[in-house]
Amino acid sequence: MAAPDLERAGGTGVTARTRATNALRRSFDRLPPGARADVRRAADVARGLTQVKRNQAALALRVAALERASRTVDPEPVDPRFPAGVLSKTCTQDQVESPWFAAWCEALGEPPQAHRKLWEWAYLVRVLDELDQLRPGRRGLGFGVGRESMVAFIAGRGCDVVATDLAPDAAEALLWTNADQHASGILEDLARPELCDPDAFAERVSWRPVDMRSVPADLRGFDFCWSACAFEHLGTIDAGLRFVEDSVATLRPGGIAVHTTELNLDSDTETIESGPTVLFRRRDLQDLAARLEAAGHEVATLHLVQGSGALDTYVDVPPYVPEPHIRLLYRNVVTTSVALVIRAGGA
Ligand SMILES: C[S@@+](CC[C@H](N)C(=O)[O-])C[C@H]1O[C@@H](n2cnc3c(N)ncnc32)[C@H](O)[C@@H]1O
């Protein structure tokens, strides 16, 4: 779950970075002794702040552990069209403390942590399982899969999978290749022998380049499709929302789409509307759900809550900690993960 290395993504590369570091060192050595001492003090302060962050994270986890004995889980609505617990919802402390979360992390071979990205993967496979998609004969389509272990996991359950991502030579792919989050078009990058037997994997999984901004018209008739942490990276709010609608067109009637993205928890008006990462507002998702419902699809009830646990108030800031990382500050906005669950109409 490495964060993208933006400097490298900018195309400077490791060699350029090493050159820059060496140049910086030479400049530092040329400074008068007093100035060098000032720089060292500033570096100590930066290291201290990182430790303050670690201390706070440790305290937040301790508070959450103490709270567990007395706190009751926040109630959730039920959408009668979907199994209990299947909603379009935000990641909260309650979610990552639920028994289902630990069970699905284990199934994916990931140690459970209070981390929103892990929640996205665990919730996604849980929803597909609850909606009876993870069984032999089902056909799944993954978008922007990067190096997700979900591809192998889903194939291991007997499904045929078309895994897609940006073409390796697409300019935007560099960001994700450097962050170790792009499969580079090599199917083996997605194989996980512990999750899917290699022969079965080779038989059931294929990979093809797909730009989520223009989903090819021949991708049709799938039982389910999914994306994790991808449609906020399509350049604009509109492009992301359009993708969700296009993804539903790849499904057979009654097919299931599950997509995760990031929700702006601060504002329903101001947000990051364009750039490498956009942040959806509640109203963006509400409007999208209304459009999908009007077109005859079913969107599991939107349950876009902040959560009331200690970890729901802890906002992680860069450099991010492994946990708790349920809320994070991205630029100047507090955000978290959100999942959308859609059943294609026409069944
Ligand atoms: C944050 S990574 C997530 C990767 C993976 N889904 C995961 O959860 O680990 C974002 C992914 O979106 C993909 N992506 C970004 N823009 C895309 C586009 N226009 N079309 C298809 N995939 C795209 C990237 O290549 C990358 O794999």
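## Ligand shell

The ligand is surrounded by 19 residues, the closest being Gly144, Gly146, Met212, Ala228 and Ala230. A residue is near a molecule if its C-beta atom, placed from the backbone, lies within 6 Å of it. By class, the shell holds nine nonpolar, five polar and five charged residues. Nonpolar means Ala, Val, Leu, Ile, Met, Phe, Trp, Tyr, Cys and Pro; charged means Asp, Glu, Lys and Arg; the others, Gly among them, are polar.

## Model and numbering

This is a predicted model: local features need pLDDT of at least 70, side-chain atom pairs count only at pLDDT 80 or more, and totals for chains, interfaces and linings use all residues. Residues are numbered from 1 along each chain as its sequence is written.

## Overall fold

The chain has twelve helices and 13 strands (DSSP runs numbered from the N terminus: helices H or I, at least four residues; strands E, at least two). Its radius of gyration is 22 Å, close to the 20 Å of the globule rule for 347 residues, so the chain is as compact as a globular protein of that length. The radius is taken over C-alpha atoms; the rule is 2.2 Å times the number of residues to the power 0.38.

## Helix 5 against helix 6

Helix 5 (residues 99-107) packs on helix 6 (residues 116-130) at about 90 degrees, with axes 9 Å apart. The two helices are therefore roughly perpendicular (65 to 115 degrees). Helix 5 contributes Trp100, Phe101, Trp104 and Cys105; helix 6 contributes Leu118, Trp119, Ala122, Val125 and Arg126. Contact means C-beta atoms, placed from the backbone, within 7 Å. Eight of these residues are nonpolar, none polar and one charged.

Methods: Axes are lines fitted to C-alpha atoms, for helices over the stretch in contact, and angles run from 0 to 180 degrees between N-to-C directions. Angles under 35 degrees count as roughly parallel, over 145 as roughly antiparallel, 65 to 115 as roughly perpendicular and the rest as oblique. Two residues are in contact if their C-beta atoms, placed from the backbone, lie within 7 Å.
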